[in-house]
Amino acid sequence: RRVHGVKMKDETFDAKETLRGLEENFATMAPKVAANQQTANKPAKKVKQLKVLDAKTAQNISIMVGSMKMPYERLKTLIMSVDTDAMPDGLVQQLINNLPEPEQLSQLAEVKGSYADMVEAEQFGVVMAGIKRIGPRLNCISFKLRFSEVIDDIKPNIVAATEACNEVRNSSKFAKICELVLCVGNYMNAGSRNAQSLGFDINFLTKLDGTKTSDNRSTLLHFLAQLVEDNHSGLLGFVDELPHIERAARVNGDSITGDLKAMEKSVKQVETDVSLAVKAAVQGDAFARVMGDFAKRARDQYELLCGMSTNMSKSFASLLEYFCIDAKTPMEELFGDLAAFKSAFHNAVKDNKQRREVVEKARRAEEAKQRAMREKEERARQRASATSAVTDETGVVDNLLSALQSGSAFHKTREPRKRTPRSGGAGRGALQRTRSRVGIIPGGMGDVVRNLDGEF
């Protein structure tokens with residue numbers, strides 16, 4: 001069969017729901033537009049261009065501003081009020097190093113009407129351009145923040161050098177040490193062209209440890225230290241009379257002069273900026289008031305340091321003349337030599353003490369060794385004597401036992417009886433009486449021997 005369209009009636013199936021369903025499910029879909037194509041179709045964002053600053057300056061300012069994390073107007077207020085508590089010197093130095101040139105600041109002030117169209121770095125420059133003479137002002141603030149440090153760098157050096165000059169000049173013990181060195185030197189140079197010298201170069205003191213003894217075990221400095229300790233012990237304290245020469249050895253007179261000149265320049269700059277700020281005072285600007293008080297204090301300190309420096313120079317010149325030293329000798333050279341001698345002499349005294357301790361220790365060890373040997377010999381003699389005594393006693397007992405066994409201990413050696421000449425009948429009668437008494441001992445001679453054996 002065929003389906004004939006002529007017989008179909010559209011009204012029968014023309015339902016809105018049916019048609020909408022067909023459209024949603026079977027309609028041809030429009031192609032999707034890529035995301036980057038949609039972005040490209042949007043109007044491009046306007047890129048801000050540099051108007052005055054160069055790219056490098058703008059980049060440095062952007063980095064600085066990002067590290068500060070402070071609104072521009074807030075920073076401007078701190079500078080105008082000279083609030084050094086909220087502005088450390090590090091921040092001020094960053095501003096000084098990265099601030100646009102005065103000509104650039106003037107150009108930025110002229111185009112401040114287009115502030116919204118400027119890049120971040122130029123917006124910062126526009127705000128800073130609102131502060132008159134901002135460059136010199138920042139330098140003055142930095143000097144104020146560093147003022148105590150400047151004083152601490154200059155004043156202690158001047159004091160140390162001045163005190164060192166007075167100590168060396170007035171030390172009687174050091175003068176005696178120099179006399180002793182001259183005496184030793186003249187004795188050693190006897191017969192040479194340097195004999196009977198009236199003085200010596202002060203730097204010779206640093207060369208005493210270069211002269212060795214004949215056995216190369218010590219030096220002339222060690223000999224001098226021992227000589228002082230043995231015969232002039234009071235002079236050992238000369239090192240205590242020179243406490244400032246180590247610090248003075250690090251002082252450079254030219255450096256102090258340069259520091260004072262730089263300080264004077266900064267003080268004058270502050271005074272100039274204060275006078276200009278007074279003439280062009282604006283509301284909210286405290287620079288003239290705050291820095292005016294500081295300028296007076298800075299001027300007083302500068303004048304004080306100048307006076308101290310002058311006194312130091314005079315003391316040092318007098319010291320050079322006193323020791324007949326070349327007037328061109330630098331301060332650090334003279335005090336460096338004296339500090340080196342002081343340290344070397346102190347070490348020589350310590351070395352001599354250690355050597356004495358070593359010798360004394362060796363002497364005590366030798367004495368202990370000799371004493372031990374004597375005690376050992378004594379014990380050997382005592383043992384020999386004891387052995388001899390025991391041997392003698394053993395011999396006596398052995399002899400006694402031998403005598404008892406042989407019976408010789410019971411035989412009394414009788415002296416030979418003296419024979420008397422017979423005289424007639426009297427002799428005959430005596431003989432008869434003797435014979436008549438032979439049997440008076442009962443038991444006979446055998447009992448006597450047995451009794452003796454029992455006793456032994």
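This is a predicted model: local features need pLDDT of at least 70, side-chain atom pairs count only at pLDDT 80 or more; totals for chains, interfaces and linings use all residues.

Mentor: Residues are numbered from 1 along each chain as its sequence is written, and side-chain values use heavy atoms, with hydrogens and water left out.

Trainee: At what angle do the axes of helix 4 and helix 8 cross?

Mentor: Helices here are DSSP runs of H or I with at least four residues, numbered from the N terminus, and axes are lines fitted to C-alpha atoms over the stretch in contact, with angles from 0 to 180 degrees between N-to-C directions. The axes of helix 4 (residues 55-68) and helix 8 (residues 120-128) come within 8 Å, and they cross at roughly 75°.

Trainee: Which residues of helix 8 make the contact with helix 4?

Mentor: Contact means heavy atoms within 4.5 Å. Helix 4 contributes Ala58, Ile61, Ser62, Met64, Val65 and Met68, and from helix 8 come Glu120, Ala121 and Phe124.

Trainee: Is histidine 222 buried or exposed?

Mentor: Histidine 222 lies in helix 11 (residues 220-231). Buried means under 20% relative accessible area, exposed over 50% and partly exposed in between, with a 1.4 Å probe and protein chains only. Since its relative accessibility is 11%, histidine 222 counts as buried.

Trainee: Which residues does histidine 222 contact, leaving aside its neighbours within four places in sequence?

Mentor: One of them is aspartate 351, whose side chain makes a polar contact with the side chain of histidine 222 at 3.1 Å; a polar contact is a pair of N or O atoms within 3.5 Å, where within protein one must be able to donate a hydrogen and the other to accept it, and residues adjacent in sequence count only if both atoms are side-chain atoms. With those sequence neighbours left aside, histidine 222 is in contact with Ala348, Asp351, Asn352 and Arg355.

Methods. Helices (H or I, at least four residues) and strands (E, at least two) are DSSP runs, numbered from the N terminus.
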